[in-house]
Amino acid sequence: MAEVKKSEAEMSHEMVGEAPPIPLLTPYSLGKFNLSHRVVMAPLTRQRSYKNVPQPHAILYYSQRATKGGLLITEATGISDTSLGFYPDTPGIWTEEQIEAWKPIVDAVHGKGGLFFCQLWHVGRVSTPDFQPNGQAPISSTDKSLKPARRTTGNEMEVFTPPRRLKTDEIPLIINDFRVAARNAMKAGFDGIEIHGATGYLLEQFMKDDVNDRTDKYGGSLENRCRFPLEVVEAIADEIGADKVGIKLSPFSDFMEAHDSNPGALGLYMAESLNKYGILYCHMVEPRMIRDVHESEYPESLLPMRKAFNGTFIAAGGYNREEGNQAISKKHADLVAYGRWFLANPDLPLRFELDAPLNNYNRETFYTSDPVLGYTDYPFLKSAT
């Protein structure tokens, strides 16, 4: 990355002999929420919610990573019994049992002074009849099927069957599922919700022109393809208040065969359109996560979207400590989300503060069902001094 120019605050600290502030560790006002630092725990699917019900071991997992004034985002959480697939044992929030199971987890995060948002998702065509009620076909913007993909656990290949294209008059029903799930999240005690509009799942299946082949008002033009996700944003903002709503987007991602011919235009259109609803934040994945994007494009890749969006902008995508500090210093982002590093380092903000070594993460235990291994057994720093 290019050399960062020193800010007035940094130069002022140097003049009086003080160490300059660490950008990631500076406070930030996220709407009505006061953050003590800018290191966000990204949503991390970990498949340990047996039968789609959050488990007691998640209390320890999330509370380990909670800090006073720190923002945590839950793993992707299903909005309905049709929303799940491919990833077994992911949590939901459409039943009373699930709502009640989330409450002690939320309480534990709040007990540490943390801020907790629930990420809501629907996987769409990234599913099979085995995951669907009554063995029905999964739903999508299209009836085009995914190619076989390796499961997250083991070497077994998932063979996807063709999804069922949603009818135009069915889309309001899915919007209502999102609305009810957001209401349920508030009942569980969450501070807000994040809409999962990224990485190849249902909302992105509508946004991306390589997937969406519809001819109704939800297909064709960029405006039409973005209509459904924006209607979800509007419905949830109306339900719980726009000041408690965020959305995650990945216009440049090709994950789960969700490619768009003009991702920059898509990202910019969504960033500008979201301003109409006044939501709290936009969480966007850097295009550098796509292999064919040249490294020189990384720092500026999300700048048009960042400048277009009026709320808080969260950047994600393989950041380390130095890159995160530069993103904040250069105003490329307000907050930076960390996934794998936050999993392996439950005390990540402290390690960043001390510039301490980081634990390495173990990919082989990302998606195991074990309630401890690769989940709550990563070590903390032995001493803060």
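**Notebook: rings and a charge**

I started with R46, which lies over the face of Y367, at 5.3 Å from the ring centre. For "over a ring" I used this rule: NZ of Lys or CZ of Arg is within 6 Å of the ring centre and within 35 degrees of the ring normal. The charged end of R46 also sits over the ring of F366, 4.5 Å from its centre.

A note on what I'm looking at: this is a predicted model, where local features need pLDDT of at least 70, side-chain atom pairs count only at pLDDT 80 or more, and totals for chains, interfaces and linings use all residues. Residues are numbered from 1 along each chain as its sequence is written, and side-chain values use heavy atoms, with hydrogens and water left out.

Next I looked up ring pairs. How many aromatic pairs does the structure hold? I got 21. Rings of Phe, Tyr and Trp (its six-membered ring) pair if their centres lie within 6.5 Å; planes under 30 degrees apart are stacked, over 60 edge-to-face, the rest tilted.

I picked Y87 and Y201: their ring centres are 6.2 Å apart and their planes at 75 degrees, so I logged them as edge-to-face. Y87 is buried at 7% relative accessible area, and Y201 is buried at 5%. (Buried is under 20% relative accessible area, exposed over 50%, partly exposed in between, with a 1.4 Å probe and protein chains only.)

Then I checked F206 and F228, an edge-to-face pair with 4.7 Å centre to centre and 70 degrees between the planes. Both F206 and F228 are buried.

Last, I found one aromatic cluster formed by Y61, Y62, W102, F116, F190 and Y375.
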